There are 2 protein chains.
Amino acid sequence: MSEVKILLTENEMPEKWYNVMADMPNPPKPPLHPGTGQPIGPEDLSAIFPMELIKQEVTRERWIEIPDEVQDIYRLWRPSPLYRARRLEKALDTPAKIYYKNEGVSPAGSHKLNTAVAQAYYNKQQGIMRLSTETGAGQWGIALSQACNFFGMECRVFMVKVSYNQKPYRRTMMEIFGSSVLPSPSTETKFGRQALADDPDTPGSLGIAISEAVEIAAQRDDTNYALGSVLNHVVLHQTVIGLEAREQMAKAGDYPDVVIGCCGGGSNFSGIAFPFFYDKQTDGAKVRLVGVEPSACPTLTRGKFAYDFGDTAGLTPLVNMYTLGAGFMPPGIHSGGLRYHGDSPLLSQLVHDGFIEAVALDQTSVFEGAKLFARSEGIVPAPESSHAIQCAINEALAAKEAGESRTILVNLSGHGLLDMPSYEAYLTGRLEDYPLPEDILAKSLQSLPQVG
Amino acid sequence: MSEVKILLTENEMPEKWYNVMADMPNPPKPPLHPGTGQPIGPEDLSAIFPMELIKQEVTRERWIEIPDEVQDIYRLWRPSPLYRARRLEKALDTPAKIYYKNEGVSPAGSHKLNTAVAQAYYNKQQGIMRLSTETGAGQWGIALSQACNFFGMECRVFMVKVSYNQKPYRRTMMEIFGSSVLPSPSTETKFGRQALADDPDTPGSLGIAISEAVEIAAQRDDTNYALGSVLNHVVLHQTVIGLEAREQMAKAGDYPDVVIGCCGGGSNFSGIAFPFFYDKQTDGAKVRLVGVEPSACPTLTRGKFAYDFGDTAGLTPLVNMYTLGAGFMPPGIHSGGLRYHGDSPLLSQLVHDGFIEAVALDQTSVFEGAKLFARSEGIVPAPESSHAIQCAINEALAAKEAGESRTILVNLSGHGLLDMPSYEAYLTGRLEDYPLPEDILAKSLQSLPQVG
């Protein structure tokens, strides 16, 4: 059998991130202040973000230098390997070629570390000693914990209480790297104390945890806030994935017909897809870009393209994006990372403008794909990433049906080694699908704020 | 900062395993039949092992071809990366250079897959449709499950009952790859039923699980048995680690002064060390080879070099090795993979003849090293592998003390992502050390069989 891994040396690692805003025909509309409804300025964000990240949030410059200090840490696992999934192709008996980029090799186990390292670096540069963040299942919390550890910064993680109790292993991972992890709502913040007073037995929510993390960041000069997806600068940092993949495809003498990634807030998919969008815009490349989301939380496929809040409490700026409504409560699917009501404004704009496709899949079919992938390639994928894998399998089967070749590139955003309870539920037939009922969606969308 | 990863391409992967028996001044004494006390022949083993593995168990040929089919699967993760631990060196402020070979990148998360794939292949070649094995914490069971899956074979794993209940995640991993996992003692075997009749609430033991796995392998023509360490053919397959590491060190323009690995049954340490033993014998290389074991189970440092049984029940052949006595019950340390009363006969002979050093470490110091390694290099090591890491740290600090450079090569045999409960125990101060009392050791050694 021929080569299965396409590797780059550390010297071939990209030295710049790609900023998609330089090439968008319609730049995204500006974020609005939640109180005034007016476009926000840098000063509105400076209480919780460092100036370099605020600049990256708005710049139209095409290429942004990756600082040496960030590259030094990237080298611990980057460039990540690109695999030709020969065994999966054989199992599918397809003429299609399937390549996957393995972001699960990062110490954090997912792509999240690409932006965590950059965010910690820029904060440290500005003299910030501590970052606060929220985490649901814990993937983002682990990544930011590791990044803060590398730069000698403190990290405080508000972990949704139900996850804090159900997923003690993810919490331990954060603590190994020195973070302090608090169940949210906590007694550390005014908002948390209020939530506890309202309901001492609340399981917590991502919305509450965000509010707590932002509250302590806004209060203390030495503390800032960090977010793991959605924002422009987060997406920017993830483009290192696609830039590497493009080089690796060239090494393999190939170019994708379709690029696939799963979508929660949109950062891993944007990370692999945007450098190929650049090819579309500058070279007329014919590549299709496909984002995959759960049918239980179908933001891009069934949401509304409108201004909405990023959090449940309505404290964040209003951004123009696909949304199911900030009050939407997704069912408890096993892909915690995809349970978000909105999506990256950059990605949303490109979907709206027809440059990017989106599909939604049921979780039972997603776990079928995950099992086939594991048994073929050996790697157990995260449930989130398995959405992208199942979509790639569907593309490969469509190619077989059509009797044509097709080159598929898929982002394996993380491994599933800490997701065994989800696999156990699947293997014992305890998984359910939750297609979103039309009336619930309609009701949720009624609550969208009237602005813009 | 300079390069941290030294990579080989798939074309640079070794095509042969190294058989240390070709170069040992004193070959190990022959295994003896447990009943007669006479040397066993191939026919005694053929009920449970395929002929190719029996041949590998006794051959003096120096180089053994790695079959193409095995190489094809190795390519899913091999050659594994060699890292220069620059951040760890900096944290220790040492003039020493530390390199680590990362076997944790295998789909199974450890070096175990190197031999599991080979064993499954040779069994399949001989028409065997099913393998049975035992597993304690589950690492070996996962590796054999994956290997059987790749060759379309069934795999039946007898998992020590207490682990079966305590470590459901490892069990789920095996089930993802299609294995049937039974708590041992089970009602599937005569020996298991007997054990359950004796004590319905028994937590089980590795000794009982081995007996069950051997029993069903001996009974059925289409079923064989597989073991994850100790035996000569297992050690042989692991030499791919050291052969790659030697090439990678050469690429880095370096050669180790000391090679370090942790020792349970001895296979990962032998795997990295034996190719350097070859250099000692053929080129007069001055490299030191150091095996590291837990002070709670100090086989090489305090055991007796004598014939003993491989299992508790006394059903396996008698082999000449360092042993604490087959009846020795190690305390419940967090390195399940190092809780074995004996050690590889090949490794034992080389320790006895003075070619290899051994040291024993307390688990609290081992977890200190693990934390420092994780915070420096990002990777959370398995508790077993952390023994080797702490030893490397001690070597690096000794070099600093002596004001001299020293080049250290250490085998990171697996990652610790499924060992979070152990890390939690460490972080919350609940770890204890268990130095082995002299009288308990003396009593255990009294029970050694009188043979040889």
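Reader: Let me begin with one residue: is Arg156(A) buried or exposed?

Author: Arg156(A) is buried, since its relative accessible area is 19% and the cut-off for buried is under 20%. Keep in mind that this is a predicted model.

Reader: Which residue forms a salt bridge with Arg156(A)?

Author: The general idea comes first. Side chains of opposite charge can pair when their charged atoms come close. Here, the partner is Glu188(A), with the closest N and O atoms 2.5 Å apart. Glu188(A) sits in the loop between β8 and α9 of chain A and Arg156(A) in strand β7, so the bridge ties together parts 32 residues apart in sequence. Glu188(A) itself counts as partly exposed, at 39% relative accessibility.

Reader: Nice. Where do Glu244(A) and Arg78(A) lie in the chain?

Author: These two side chains meet in a salt bridge of 2.8 Å, N to O. Glu244(A) belongs to helix α11, while Arg78(A) is in the loop between α3 and β4, 166 residues apart. Both Glu244(A) and Arg78(A) are buried.

Reader: And in chain B, which parts does the pair of Glu438(B) and Arg302(B) tie together?

Author: Glu438(B) lies in helix α18 and Arg302(B) in helix α13, so parts 136 residues apart in sequence are tied together. Their closest N and O atoms are 3.1 Å apart. Glu438(B) counts as exposed at 55% relative accessibility, whereas Arg302(B), at 29%, is partly exposed.

Reader: Which residues are linked in a network of salt bridges?

Author: In chain A, Arg288(A), Glu357(A), Glu395(A), Glu404(A) and Arg406(A) are linked this way.

How values were computed
Residues numbered from 1 in each chain as written. Chains lettered and ligands numbered in written order. Predicted model: local features only at pLDDT ≥ 70, side-chain atom pairs only at ≥ 80, totals over all residues. Heavy atoms only, no water. Salt bridge = Lys/Arg side-chain N within 4 Å of Asp/Glu carboxyl O. Helix = DSSP H or I, 4+ residues; strand = E, 2+ residues; numbered from the N terminus. Buried < 20%, exposed > 50% of the residue type's maximum accessible area, 1.4 Å probe, protein only.
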